[in-house]
Amino acid sequence: GEELMKFAKRMERMQSSEIRELLKLTAQPDIISFAGGLPAPELFPVEEIAKVSHDLVEKEGQQLLQYATTEGRPTLRAKIAKRMKEKYHTEVDPDEILITTGSQQCLDFAGKLFLDPGDVVLCESPSYLGALNAFNAYEPTFVEVPTDDIGLIPEELDKILSTTDRCKFIYVIPDFQNPTGRTWSMERRQKFMEVVNKHNLPVLEDNPYGELRYEGEILPSLKSMDTKGLVMFLGTFSKIFCPGLRLGWVAAAKDVISEYVKIKQSADLHTSNFDQGVADAYMENYDLDKHVEEIKALYKERRDLILKTMEEEFPAGTEWTHPEGGLFLWLTFPEGCSAAKVFHKCIEMKVAGVTGDAFYPNGKTDRNMRINFSNMPAEKIVEGVKRMAKAIKECM
């Protein structure tokens with residue numbers, strides 16, 4: 001059919017997500033997988049959701065199954081606003097929140113809203129592959145801003161903005177970044193905001209993991225420091241509740257939200273009314289904070305175990321980040337040790353991570369691997385790290 005159908009030029013840029021392809025390799029049942037970003041399914045509140053769904057349909061079935069407003073369920077938006085204040089010190093009005101179908105949808109919408117072909121998107125180096133793919137459809141140029149252990153380097157951003165035309169927005173993940181697990185320091189957040197205010201640069205602040213902090217305090221969001229209405233905060237229920245419901249949100253200035261609403265209307269009218277009702281009713285009848293504490297306890301155990309086992313097993317010269325929260329850490333292999341080779345060796349040994357080059361829009365690297373620690377039970381974590389250590393040694 002492809003000869004008959006002339007697809008849009010943008011499709012040439014749309015690689016089927018490299019992670020999806022890699023995950024096919026890693027989906028064999030006997031493989032120990034550190035590859036996906038999957039939450040632990042054993043913690044989904046299945047019984048509670050069965051109960052609230054049943055009660056919800058009985059109580060408001062006719063409204064629930066009808067079309068609803070684009071902006072989203074008002075009582076759910078009010079709960080999100082309250083949560084943002086409690087968790088991220090961020091004051092937003094429920095009217096400044098649009099419910100989206102996962103925060104992934106909002107990444108796509110941001111591309112649609114801001115980007116003409118050839119416009120510049122700035123991002124951390126490395127950055128989240130799913131966002132890069134979403135923006136890529138709108139044919140931008142990517143500019144990577146140098147990033148170190150405590151986040152994006154504001155002075156480098158300032159230099160880039162002073163010398164680069166057509167910068168439309170910057171995409172950042174300040175808390176437990178995907179893929180590295182790094183978190184920006186307080187000082188970096190403040191300096192970053194000074195730079196974006198100076199240049200009036202819109203900011204997409206993606207915060208899917210911020211509540212999953214295993215030590216220390218949650219730092220204020222960039223949005224909480226925003227005096228000019230430049231920051232659009234993306235949140236989601238995927239990592240603290242259930243990813244399969246596809247519930248996310250964007251919080252931004254009212255005039256920005258109204259633009260997103262137009263896009264949302266043309267994309268899918270509104271996010272599933274039923275799913276919004278389920279999340280709302282769950283938060284009404286159960287303690288979401290208590291549920292998040294259970295998730296954190298399990299993931300902290302798994303993080304501590306994977307760090308301890310790497311310490312014991314990995315050959316000298318291998319380095320890795322020590323995330324304070326979230327789902328990921330970032331490996332850097334010894335000089336001259338190829339991540340692609342390690343990956344294939346790992347697959348032979350029935351263990352998997354994701355090679356790092358996919359997370360750089362321009363500059364490829366062959367020394368990194370992203371490791372997820374939230375999805376595998378303890379004994380598989382230990383065995384998986386041992387196999388991986390062997391694979392690294394064989395590739396050195």
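This briefing walks through the cavities, some aromatic pairs and one threonine of the structure above. It is a predicted model, so local features need pLDDT of at least 70 and side-chain atom pairs count only at pLDDT 80 or more, while totals for chains, interfaces and linings use all residues. Residues are numbered from 1 along each chain as its sequence is written, and side-chain values use heavy atoms, with hydrogens and water left out.

**Cavities**

- There are 2 cavities of 30 Å³ or more (a cavity is a set of points on a 1 Å grid over the protein atoms alone where a 1.4 Å probe fits but cannot get out, and lining residues have an atom within 4 Å of a point).
- The largest cavity holds about 90 Å³ of space (a volume is the space filled by probe spheres set on the grid points, which are joined across faces, edges and corners).
- Of the 13 residues lining the largest cavity, Y88, E211, T236, I240 and W249 are the closest to its centre.
- Helix 3 gives the most to that lining, with 4 residues (helices, H or I with at least four residues, and strands, E with at least two, are DSSP runs numbered from the N terminus).
- The second largest cavity has a volume of about 50 Å³, and its lining includes P39, F44, K239, F241 and Y299.

**Aromatic pairs**

- The whole structure has 13 aromatic pairs (rings of Phe, Tyr and Trp, the last by its six-membered ring, with centres within 6.5 Å; planes under 30 degrees apart are stacked, over 60 edge-to-face, the rest tilted).
- One of them is the tilted pair of Y88 and F233, at 5.5 Å centre to centre and 50 degrees between the planes.
- Y88 sits in helix 3 and F233 in strand 9, so this pair ties together parts 145 residues apart in sequence.
- Y88 is buried at 6% relative accessibility, and F233 is buried at 0% (buried means under 20% relative accessible area, with a 1.4 Å probe and protein chains only).
- F135 and Y171 make an edge-to-face pair, 5.5 Å centre to centre with 75 degrees between the planes.
- That pair links helix 5 (residues 129-136) with strand 7 (residues 167-172), its two members being 36 residues apart.
- F237, F241, W249, Y282 and Y286 form one aromatic cluster.

**Around T147**

- T147 belongs to strand 5 (residues 147-148).
- Its side chain reaches the backbone nitrogen of S125 at 3.1 Å, and a polar atom of that side chain lies 2.8 Å from the backbone oxygen of V145.
- Beyond its neighbours within four places in sequence, T147 is in contact with E124, S125, L152, I153 and R182 (contact means heavy atoms within 4.5 Å).

Key. A polar contact is a pair of N or O atoms within 3.5 Å; within protein, one must be able to donate a hydrogen and the other to accept it, and residues adjacent in sequence count only if both atoms are side-chain atoms. On a 1 Å grid over the protein atoms alone, a cavity is a set of points where a 1.4 Å probe fits but cannot get out, and a pocket is an open set with protein on both sides within 12 Å along at least five of seven lines; lining residues have an atom within 4 Å of a point. Buried means under 20% relative accessible area, exposed over 50%, partly exposed in between (1.4 Å probe, protein chains only).
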